[in-house]
Amino acid sequence: IPHKTCKHSEPDQVAALKAANIDAVGVANNVTYPWQALMKSLAVLDSVGIAYAGGGANLDMAHKPVIVEKNGLRVGFMQCAATVFPYNHAATQSQPGIAQIKVHTAYQPPVQMDKPGQPAEVITWLDEASKTRMVEGIRNLRKQADIVVFSCHWGVSDAKEPVSYQSEIAKAVIDAGADVVMGHGSHRYQKIELYKGKPIFHCLGQFVFDDQCKDRRSKYREGLLVRVAVLNKKIHSVSVVPSWREDDNFVRLYDPNTGKGRELFGYLQSVNEGGAALKLQGKEIVVQNLSY
């Protein structure tokens, strides 16, 4: 990618995912590019039996969800990306690639025209055909799974505030049957929103992240690990635990009541204005007022 200096992991690093007992991953993002590189990554995941959503050999395969079944519980997982290059990236009927949710952008002049130098207002909206495919995919998955998780790579790098289309996507998939929306892409905490009693994590930070691009690796080290507790095949509670990558680049989880964990909890609260109510409970941060 011309404007990026990222160094990607070697194939043998998939052993870390296997050792962590990860059942499924999402592969739709702005660095699974071009599609030839994506297909090599999918072959590596296939070789160790890790399922994936968000990419594939054609449009239908790229949008195909994953269903993980354990102890009689069926969890459905679907992923898309709004951060897509205009060529050799999104899957088509005849080309491999990632699952795209297409977003249009326009720039409107500021209201106060008497003040030169003001930035334009950014307006975004979802492509209707793309939105229809995404929504129908969630509806179909809802019929097959007890719990439905939707993930999207979206937003603007380094931004603390979500872009308006992020909420538009999240609300559309919740209306279609998603239980949890898990966003990533801005590399830092963003607010946790509630819609119809369902949580929308606009960005969980970076967590495990070996990005070599400029100073991002050292700039944003925060992450959130989400726990979704299920009782009788229904979500009982949703909580998060803050994480931080130390100078040795190892990820450590922190108790949000004290020290570094308390600092990270305070940071999360600072970007969570207008978001879901959060409460400390034990060593976790519980999302309040859920409805399932």
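Me: Contact means heavy atoms within 4.5 Å, and helices (H or I, at least four residues) and strands (E, at least two) are DSSP runs numbered from the N terminus. With that settled, what covers the buried residues of helix 7?

Reply: Some ground rules first. This is a predicted model, where local features need pLDDT of at least 70 and side-chain atom pairs count only at pLDDT 80 or more, while totals for chains, interfaces and linings use all residues. Residues are numbered from 1 along each chain as its sequence is written, and side-chain values use heavy atoms, leaving out hydrogens and water. Now your helix: the cover includes strand 11 (192-195), strand 13 (222-231), strand 14 (234-245), strand 16 (278-281) and strand 17 (284-287).

Me: Which residues of helix 7 are buried?

Reply: Buried means under 20% relative accessible area, exposed over 50%, and partly exposed in between, using a 1.4 Å probe and protein chains only. In helix 7 the buried residues are Gly261, Leu264, Phe265 and Leu268. Look down the helix axis and they fall within an arc of 105°, so they line one face of the helix; that arc is taken over the directions from the axis to the C-beta atoms. On the other side, Gly259, Glu263 and Ser270 are exposed.

Me: How far apart are the end C-alpha atoms of helix 7?

Reply: The expected span of a helix is 1.5 Å times one less than its number of residues. For the twelve residues of helix 7 (residues 259-270) that should give 16 Å, and the end C-alpha atoms are 17 Å apart, which agrees.

Me: Now the rings. How many aromatic pairs does the structure hold?

Reply: Rings of Phe, Tyr and Trp (its six-membered ring) pair if their centres lie within 6.5 Å; planes under 30 degrees apart are stacked, over 60 edge-to-face, and the rest tilted. The structure holds three such pairs. Take Tyr33 and Phe85: their centres are 4.8 Å apart and their planes at 40°, so the pair is tilted. Tyr33 is in the loop between strand 1 (24-26) and helix 2 (35-48), and Phe85 in the loop between strand 5 (73-81) and strand 6 (97-98), so this pair ties together parts 52 residues apart in sequence. Tyr33 also pairs with Tyr87, edge-to-face, with 6.2 Å centre to centre and 70° between the planes. Ring pairs link Tyr33, Phe85 and Tyr87 into a cluster. At 14% relative accessibility, Tyr33 counts as buried.

Me: What lies over the face of Trp244?

Reply: A charge sits over a ring if NZ of Lys or CZ of Arg is within 6 Å of the ring centre and within 35 degrees of the ring normal. Over Trp244 it's Lys260, at 3.7 Å from the ring centre.

Me: With which residue does Lys260 form a salt bridge?

Reply: Side chains of opposite charge can pair when their charged atoms come close. A salt bridge here is a side-chain nitrogen of Lys or Arg within 4 Å of a carboxyl oxygen of Asp or Glu, and the count comes to nine. Lys260 bridges to Glu263, with the closest N and O atoms 3.3 Å apart. Being three residues apart in helix 7, they are separated by about one helical turn. Lys260 is partly exposed at 23%, whereas Glu263, at 52%, counts as exposed.

Me: How far apart are the closest N and O atoms of Asp247 and Arg221?

Reply: In that salt bridge they are 2.8 Å apart. Asp247 lies in the loop between strand 14 and strand 15 (251-253) and Arg221 in the loop between helix 6 (216-219) and strand 13, so the pair ties together parts 26 residues apart in sequence. Asp247 is exposed at 73%, but Arg221 is buried at 16%.
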